[in-house]
Amino acid sequence: MIVSRTTPAIEAVLLGKRYTHTAQPDEPWAVQGVTLSVMPGELTVLMGPSGSGKTTLLSMLGGLLAPTTGRLNICGERVEHLGEAGRQVFRRRRVGLIFQNYNLLSALTAAENVGVGLALRGGDPAGAADLLRQVGLASKAAAYPHELSGGQRQRVAIARCLAGSPPVLLADEPTAALDAEQGRVVMGLLKRRAREHGSAVVVVTHDARVRGFADRVFEMEDGRLRRIVRRVVRSGPQEVNRVPA
């Protein structure tokens with residue numbers, strides 16, 4: 001799927017989410033007033049304490065939750081008013097989701113798990129072998145999830161979410177259950193997907209090691225994006241880190 005690299009793949013304007021619907025002024029907001037743009041080829045990280053709204057925001061960006069307020073444009077498509085059926089179609093066409101607990105089907109092999117992702121997006125399940133090769137797991141195609149390490153299971157989950165080449169990749173705590181080396185492998189895969197394929201990647205994490213892979217790191221607190229804590233500005237082959245005072 002071809003997406004212009006000159007316009008945002010993700011554009012949220014004053015996005016908000018309440019989990020109750022009585023609209024009383026004192027109802028808490030899980031997410032409030034978030035404005036965020038993510039360009040194709042960019043890897044953006046959202047950090048913050050538990051309960052800060054990171055996963056709720058990610059769920060809205062991925063069409064798992066409908067926003068209460070605000071505007072959300074994904075790859076040129078307005079999605080904030082879609083119902084559940086519409087969001088499901090939208091996710092299949094536009095979004096790859098990576099979950100902390102992998103969400104692999106235990107009765108299926110690695111190749112079969114990836115094949116499910118391909119089938120859902122109208123692809124040929126036979127393409128699973130190539131996707132596993134891309135994440136360094138060609139030799140594990142016939143392995144079941146219980147036969148894989150945590151890092152290998154996460155890479156299978158990444159291969160599955162890459163099925164059909166969705167332009168937006170969203171990852172919820174992708175390194176939380178991994179050791180340092182496996183975490184670097186997983187983040188390297190996401191970074192390369194952004195650079196080489198133009199995917200817009202958003203990662204929610206508590207893991208400070210992830211910062212080094214990011215173009216931008218946002219800090220969330222009390223449902224709001226508080227500040228950018230790291231920005232990388234590219235000039236040719238060099239990268240310069242700018243941290244606002």
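Analyst: In this predicted model, a pocket is an open set of grid points with protein on both sides within 12 Å along at least five of seven lines.

User: What makes a residue part of the lining of the largest pocket, and how many residues line it?

Analyst: A lining residue has an atom within 4 Å of a point. The largest pocket is lined by 17 residues. L97, F99, L120, R121 and R160 are the ones that lie nearest its centre.

User: Which elements give two or more residues to that lining, and which has the largest share?

Analyst: Helix 2 (84-94), strand 6 (95-98), helix 3 (110-120) and helix 5 each give two or more residues to the lining of the largest pocket. Helix 3 has the largest share, with four residues. By class, the lining of the largest pocket comprises eight nonpolar, five polar and four charged residues.

User: Why is helix 3 called roughly parallel to helix 5?

Analyst: The axes of helix 3 and helix 5 cross at roughly 30° and come within 7 Å. Angles under 35 degrees count as roughly parallel, so helix 3 is roughly parallel to helix 5. Their crossing is right-handed.

User: How do you know which residues make the contact of helix 3 and helix 5?

Analyst: Contact requires heavy atoms within 4.5 Å. A110, N113, V114 and G117 of helix 3 make the contact with V156, A159 and R160 of helix 5. That contact has four nonpolar, two polar and one charged residues. R160 also lies among the residues nearest the centre of the largest pocket.

User: What makes helix 5 roughly parallel to helix 6?

Analyst: The axes of helix 5 (residues 150-162) and helix 6 (residues 180-197) cross at roughly 15° and come within 9 Å. With the limit at 35 degrees, helix 5 is therefore roughly parallel to helix 6. This crossing is right-handed.

User: Which residues of helix 5 and helix 6 meet?

Analyst: From helix 5, G151, Q152, Q154, R155, I158 and L162 meet Q182, V185, V186, L189, L190 and R193 of helix 6. The contact divides into six nonpolar, four polar and two charged residues.

Note on methods
Residues are numbered from 1 along each chain as its sequence is written. This is a predicted model: local features need pLDDT of at least 70, side-chain atom pairs count only at pLDDT 80 or more; totals for chains, interfaces and linings use all residues. Side-chain values use heavy atoms; hydrogens and water are left out. Axes are lines fitted to C-alpha atoms, for helices over the stretch in contact, and angles run from 0 to 180 degrees between N-to-C directions. Angles under 35 degrees count as roughly parallel, over 145 as roughly antiparallel, 65 to 115 as roughly perpendicular and the rest as oblique. A crossing is left-handed if the near helix is turned anticlockwise from the far one by less than a right angle, and right-handed if clockwise. Ala, Val, Leu, Ile, Met, Phe, Trp, Tyr, Cys and Pro count as nonpolar, Asp, Glu, Lys and Arg as charged, and the others, Gly among them, as polar. On a 1 Å grid over the protein atoms alone, a cavity is a set of points where a 1.4 Å probe fits but cannot get out, and a pocket is an open set with protein on both sides within 12 Å along at least five of seven lines; lining residues have an atom within 4 Å of a point.
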